[in-house]
Amino acid sequence: GLLSKMRYRFLKIVFTLLFKLIAKIDVTGAENVPPHGPFLMAINHLALIDTPVLLVAMPVQKINAFAAYKWKDNFLVGGILKLAANTIFVHRGEVDRAALKKAVTVLKRGEILGIAPEVTRSHTGGLMRAKPGIAYLATKANAPVLPVGISGQQNLVDNLLHFKRLRIHLNIGRLIYLPPPAGRDKLTQLQACADQVMMAIAALIDPELRGVYAAAVKGATPKFLEKVE
């Protein structure tokens, strides 16, 4: 409703002012963003500031986002997420059917869902293997995926300690339309689709952040994909 939109705009203004002090955000590929939903915005997730970066820099009206349930009762992070009034809290490490159902509903309403295909924040400094959930949601709601790569966020602490502004690059790729799984072994098909999304993200970020998908960007096959036909 109107109150939700006002809260979202308030947060956007607050973070825009904050980022003017600590960072410079460059955006490439803004022309690839559809004029309206539904679509899934798939990102690489390295730092807590990734969501505020999207809030400030993505040329969209509103993003619904997943967040780990552990943040729900956190005073600062949880408070911000609740203020946005469009967060789906999800239990990590299990199939959270309630959260998946809410996500499909959001997409079927024609809205935008922000999601990290890895499901959680990467602690390896690069991309981890995707989970099949993003492909499940995209095909279940019949919504395309917009790959978005974020680079530079890994330098936040170091830059702040040296009083340097952060340089963040938001690189937006082209829409990906995933085929619905058919026949047997649907999970394998969904996983292959999720890997396809991650390879697209890998091509949009700095080489040192590509992690397990680095080989795919260079034209080689990652080890875990060698047996996939």
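Let's start with a space. The second largest pocket holds about 450 Å³. Twenty residues, written as 20 in my notes, line this pocket, and the closest to its centre are Lys5, Val60, Gln61, Lys62 and Ile112. Please keep in mind that this is a predicted model.

Which helix gives the most to the lining of the second largest pocket? That is helix H1, residues 2-22, with five residues. What about the classes in this lining? Eight residues are nonpolar, seven are polar and five are charged.

Now to the helices. Take helix H4, residues 97-108, and helix H5, residues 133-141. Their axes lie 9 Å apart, and the packing angle is about 45 degrees. An angle from 65 to 115 degrees would count as roughly perpendicular, and one under 35 as roughly parallel. H4 and H5 are therefore oblique to each other. Their crossing is right-handed.

Who touches whom? On the H4 side, look for Leu100, Ala103, Val104, Leu107 and Lys108. On the H5 side, look for Tyr136, Leu137, Lys140 and Ala141. By class, this contact of H4 with H5 has seven nonpolar residues, two charged ones and no polar ones.

H5 has another contact to show you, with helix H7, residues 186-202. The axes of H5 and H7 come within 7 Å. They cross at roughly 100 degrees.

H5 brings Ile134, Ala135, Tyr136 and Thr139. H7 brings Leu190, Cys193, Ala194 and Val197. In the contact of H5 with H7, seven residues are nonpolar, one is polar and none is charged. Find Tyr136 on your screen: this residue of H5 meets H4, and Tyr136 is also part of the contact with H7.

Last, the backbone. Where is the cis peptide bond that joins a glycine and a proline? Look between glycine 37 and proline 38, where omega is about 5 degrees. Proline 38 sits in the loop between strand S1, 23-28, and strand S2, 39-43.

One more stop: valine 119. Its phi is near 80 degrees, a positive value in a residue other than glycine. You will find valine 119 in the loop between strand S5, 112-115, and H5.

Methods: Residues are numbered from 1 along each chain as its sequence is written. This is a predicted model: local features need pLDDT of at least 70, side-chain atom pairs count only at pLDDT 80 or more; totals for chains, interfaces and linings use all residues. Side-chain values use heavy atoms; hydrogens and water are left out. Axes are lines fitted to C-alpha atoms, for helices over the stretch in contact, and angles run from 0 to 180 degrees between N-to-C directions. Helices (H or I, at least four residues) and strands (E, at least two) are DSSP runs, numbered from the N terminus. Angles under 35 degrees count as roughly parallel, over 145 as roughly antiparallel, 65 to 115 as roughly perpendicular and the rest as oblique. A crossing is left-handed if the near helix is turned anticlockwise from the far one by less than a right angle, and right-handed if clockwise. Contact means heavy atoms within 4.5 Å. Ala, Val, Leu, Ile, Met, Phe, Trp, Tyr, Cys and Pro count as nonpolar, Asp, Glu, Lys and Arg as charged, and the others, Gly among them, as polar. On a 1 Å grid over the protein atoms alone, a cavity is a set of points where a 1.4 Å probe fits but cannot get out, and a pocket is an open set with protein on both sides within 12 Å along at least five of seven lines; lining residues have an atom within 4 Å of a point. Grid points are joined across faces, edges and corners, and a volume is the space filled by probe spheres set on the points.
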